[in-house]
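Q: I would like to learn how to read a protein model step by step. Could you take me through its features, with the general idea coming before the particular case?

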Amino acid sequence: AIRRLLVNAAAVLLVLGTSTLSISRNAALHFHFRAPLSLYEKLYYDITAAAEAPSGGVCIGKEWYRFPSSFFLPDRAQSSPPDVVPLLWVNSSFGGQLPRPFAPWPRGL
């Protein structure tokens, strides 16, 4: 009876310990790696609040793998013609194919 109680207690402690570590890791990822998303949120509100379209674009340096972040940049659809804020990067020694935004309809998606 005591052995079964110890095995059950060990199993509960194992599950609780694993759950605590998982929740702690998720919380750390959320709080310590949200800086790029916070920056894009601020950019979104600043660009949409601007009276005129900004010149240029948002340069992310050599970090071209952050291309999906371009979805956080607003289309200024209320202006005529609609303005799109491009996501730009610096050319590096990488020689592969880089991502490219879709062309507007009907040539693009």
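The dialogue below goes from the overall model to particular residues.

Q: What should I know about the model and its numbering before I begin?
A: This is a predicted model, in which local features need pLDDT of at least 70 and side-chain atom pairs count only at pLDDT 80 or more, while totals for chains, interfaces and linings use all residues. Residues are numbered from 1 along each chain as its sequence is written, and side-chain values use heavy atoms, with hydrogens and water left out.

Q: Where in the chain is confidence lowest, and where is it highest?
A: Confidence is given as pLDDT, the predictor's own value for each residue, from 0 to 100. Where pLDDT is low, the predicted coordinates should not be read in detail. In this chain the mean is 78, and 72% of the residues reach 70 or more; strand β2 (residues 75–76) has the lowest confidence, at a mean of 63, whereas helix α1 (residues 2–32) has the highest, at 96.

Q: How many helices and strands does the chain have?
A: Helices (H or I, at least four residues) and strands (E, at least two) are DSSP runs, numbered from the N terminus. Here there are two helices and four strands, and from the N terminus on they run in the order α-α-β-β-β-β.

Q: Which residues make up the largest nonpolar core?
A: In soluble globular proteins, nonpolar side chains tend to be buried together. A residue is buried under 20% relative accessible area, exposed over 50% and partly exposed in between (1.4 Å probe, protein chains only), and a nonpolar core is a set of buried Ala, Val, Leu, Ile, Met, Phe, Trp, Tyr and Cys residues joined through side-chain atoms within 4.5 Å. Buried residues make up 14% of the 109 residues in this chain, and the largest nonpolar core has eight residues, namely Tyr40, Ile47, Val58, Ile60, Leu73, Val85, Leu87 and Trp89.

Q: What does leucine 43 touch?
A: A contact means heavy atoms within 4.5 Å. Leucine 43, which lies in helix α2, touches Val58 and Leu73 when residues up to four places away in sequence are not counted. Leucine 43 and valine 58 are 15 residues apart in sequence and 9.1 Å apart in space, C-alpha to C-alpha. Leucine 43 counts as partly exposed because its relative accessible area is 23%.

Q: Which side chains meet in a salt bridge?
A: A salt bridge is a side-chain nitrogen of Lys or Arg within 4 Å of a carboxyl oxygen of Asp or Glu. A search of the whole structure finds one, in which the side chains of aspartate 46 and lysine 42 meet at 3.0 Å, N to O. Aspartate 46 is partly exposed, at 43% relative accessibility, whereas lysine 42 is exposed, at 52%.
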